[in-house]
Amino acid sequence: MKNLIIIPAYNEEQALPGTIAGLQSLPDGFEIVVINDGSRDRTAAVAQAAAQTSRLPVHVLNMPFNGGIGVAVQSGYLFAAKSGVYTYAIQFDADGQHDAAYIAALVAECEAKQLDLCMGSRFLKKDDGNFQSTLTRRIGIRFFCWLISLLSGVKATDPTSGFRCAGPRAWKRFSERYPDDYPEPESLFWCARNKFKIGEIPVQMHERQGGISSIRHFKTIYYMVKVSIAIIVDKLRARE
Amino acid sequence: MSAELLMMIGGTSAFFLTLYWVRSRDLREKYAVVWMGVALMVLLCGLFPKVIMIAAERAHLAYPTAVLFISLAAIYIFSFTVSVSLTRQYRRNVRLMQELAIMEQRIRALEANALKRE
C-alpha cells in the first residue's frame, strides 16, 4: 500500500528542505509530491535537490504560474489519480507548521474507522506548546465550526486545518473538483453534506518556519466572506 | 457637436475598431459579430435619428431615467456574461496548467531513468 504526501509550496525555499527532512522518519510506502506553485524564489531548485537526497521518493510538479493553494493541492490529488497507485493522500504544509509524527496516526485513524477524510485538529490537544493561531483566526475558525455544523450536522473542531488525510473516495473527487482558494472549510463541508465519513485526531502544530501566510490583513475579511458564501451556495447544490 | 454626428462618428469608429481587432486576432469572429451589430445600430441611429425617436415613443422610454435604467441593465448583462466566460476560461487554464506540470514531471522522471540505464 502506497500513500502520497501532498506538499503545496509557494516561495518556501527556506522551510522546504527542513519539511522534507522531517518526513524521512516515515516508513516505506510513503511518497511525497511537492507542488511548486509558480514560486518566484528557488523553491523549484530546492525541491529538486531534496528529491535527489530523500530516502522516500519525492516527485516535483512545477506549475508554470501561481494558481493558489486550492489549485496546488488539487494538482497533488490529480497526480495521485493519474498514478493510480496510492491509497491515502495526506495534505501537509511546506512551511514547517505540521508535525510529520502525526501522519501515521492520521492514516491509521482512516484505516481503523474507514474514514473518507481525517482532519488533524490543533484544538483537540490542550497543550501549551501547541500553536493555535491568533485570536482573530480562532474566532473565524469557531464561526466555520458553527456554520458547518448548522448546515451539515457534522461537528469539526478545526475546519481550516490543512493537515488532513483523504481516503480514495474523497481525493478522487477532489482531483476532479476542488475549491480554488482557501479550500479547507469548503471541501470539508462538501464531504459532510455528501455523507462522507469524517473524523479528527489531535495534532501538534508549530509556528511557520518561513514564507508568508496567504491570509493577512484585508484578506482575512475576504476569506471569511468568500468561504461562507461558498459553503452556503454548496448547501444549495444536489447531493453527488 | 450634435448627438446624431456623435453617434455616426462613434458607430463608424466602433465598426472599424472591431474590424482592426478581428484582423489582428485579438477578438474572435464569434464576438465580433455582436460588436459589429452594436456599431451598426449606433451608426444607423446617427444617420436616421427619427428611428430612435419612434422606438423610444413606442417603448415609452422617453424619460432619461428609463433610458439610464435600460443602459445599466445592458451593461450589467454584458459584464456578467464576461465574468461567466472568464470563469470558464480560468477553469480550463487551471486544468491545462496542472496537466502540463504533471507531464513535465513524467518527462523528467523518464529522462532520469534513461540516464540511469545508460
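Is A:K195 buried or exposed, going by its C-beta neighbours inside 10 Å? Select A:K195 and count along: there are 12 such neighbours, so this lysine is classed as exposed. Keep in mind throughout the tour that you are looking at a predicted model.

**Stop 1: a loop in chain A**

Stay on A:K195 and look at the backbone around it. The residue sits in the loop that joins α7 (183-193) to β7 (198-202) of chain A. Check its phi as well: the value is positive, about 60°, although A:K195 is not a glycine. As background for that angle, most residues other than glycine have a negative phi.

**Stop 2: α7 and α8 of chain A**

Now select α7(A) together with helix α8 (residues 218-235) of chain A. Their axes are 9 Å apart and the two pack at an angle of about 20°. That angle makes α7(A) roughly parallel to α8(A). The crossing in which α7(A) passes α8(A) is right-handed. To see the contact itself, show the side chains of A:P185, A:E186, A:F189, A:W190 and A:R193 on α7(A), and of A:V227, A:A230, A:I231, A:D234 and A:K235 on α8(A). Colour them by class and you will find 6 nonpolar and 4 charged residues, with no polar ones.

**Stop 3: where the chains touch**

Next, show both chains. The contact between them takes 13 residues from chain A and 8 residues from chain B. On the chain A side, β3 (58-62) and α3 (69-83) are the elements that give two or more residues. Of these, α3(A) gives the most, with 5 residues. By class, the chain A side divides into 8 nonpolar, 4 polar and 1 charged.

**Stop 4: the helix pair of chain B**

Move over to chain B, which is divided into domain 1 (1-60) and domain 2 (63-118). The centres of these two domains, taken over C-alpha atoms, are separated by 30 Å.

Within chain B, select helix α1 (residues 3-23) and helix α2 (residues 29-47). Their axes come within 7 Å and cross at roughly 160°. The two helices are therefore roughly antiparallel to each other. Here α1(B) passes α2(B) in a left-handed crossing. The residues in this contact divide into 16 nonpolar, 5 polar and 2 charged. Among those on α1(B) are B:L5, B:M8, B:F15 and B:V22, while the α2(B) side includes B:W35, B:M36, B:L43 and B:L47.

With 19 C-beta neighbours inside 10 Å, B:M7 counts as partly exposed. Setting aside its neighbours within four places in sequence, B:M7 is in contact with B:V42, B:C45 and B:G46.

**Stop 5**

Select B:R25, in the loop between α1 and α2 of chain B. Its phi is near 65°, a positive value in a residue other than glycine. B:R25 has 8 C-beta neighbours inside 10 Å, so it counts as exposed.

Finish with helix α3 (residues 49-58) of chain B. Of its 10 residues, the number buried is 0, so this helix lies largely in the open. Just after α3(B), find B:H60, which takes a positive phi of about 55°.

Conventions
Residues are numbered from 1 along each chain as its sequence is written. Chains are lettered from A and ligands numbered from 1 in the order in which they are written. This is a predicted model: local features need pLDDT of at least 70, side-chain atom pairs count only at pLDDT 80 or more; totals for chains, interfaces and linings use all residues. A residue is buried if 20 or more other C-beta atoms lie within 10 Å of its own, exposed if 12 or fewer, and partly exposed in between; C-beta atoms are placed from the backbone. Helices (H or I, at least four residues) and strands (E, at least two) are DSSP runs, numbered from the N terminus. Axes are lines fitted to C-alpha atoms, for helices over the stretch in contact, and angles run from 0 to 180 degrees between N-to-C directions. Angles under 35 degrees count as roughly parallel, over 145 as roughly antiparallel, 65 to 115 as roughly perpendicular and the rest as oblique. A crossing is left-handed if the near helix is turned anticlockwise from the far one by less than a right angle, and right-handed if clockwise. Two residues are in contact if their C-beta atoms, placed from the backbone, lie within 7 Å. Ala, Val, Leu, Ile, Met, Phe, Trp, Tyr, Cys and Pro count as nonpolar, Asp, Glu, Lys and Arg as charged, and the others, Gly among them, as polar. Domain bounds come from an automatic or database domain assignment.
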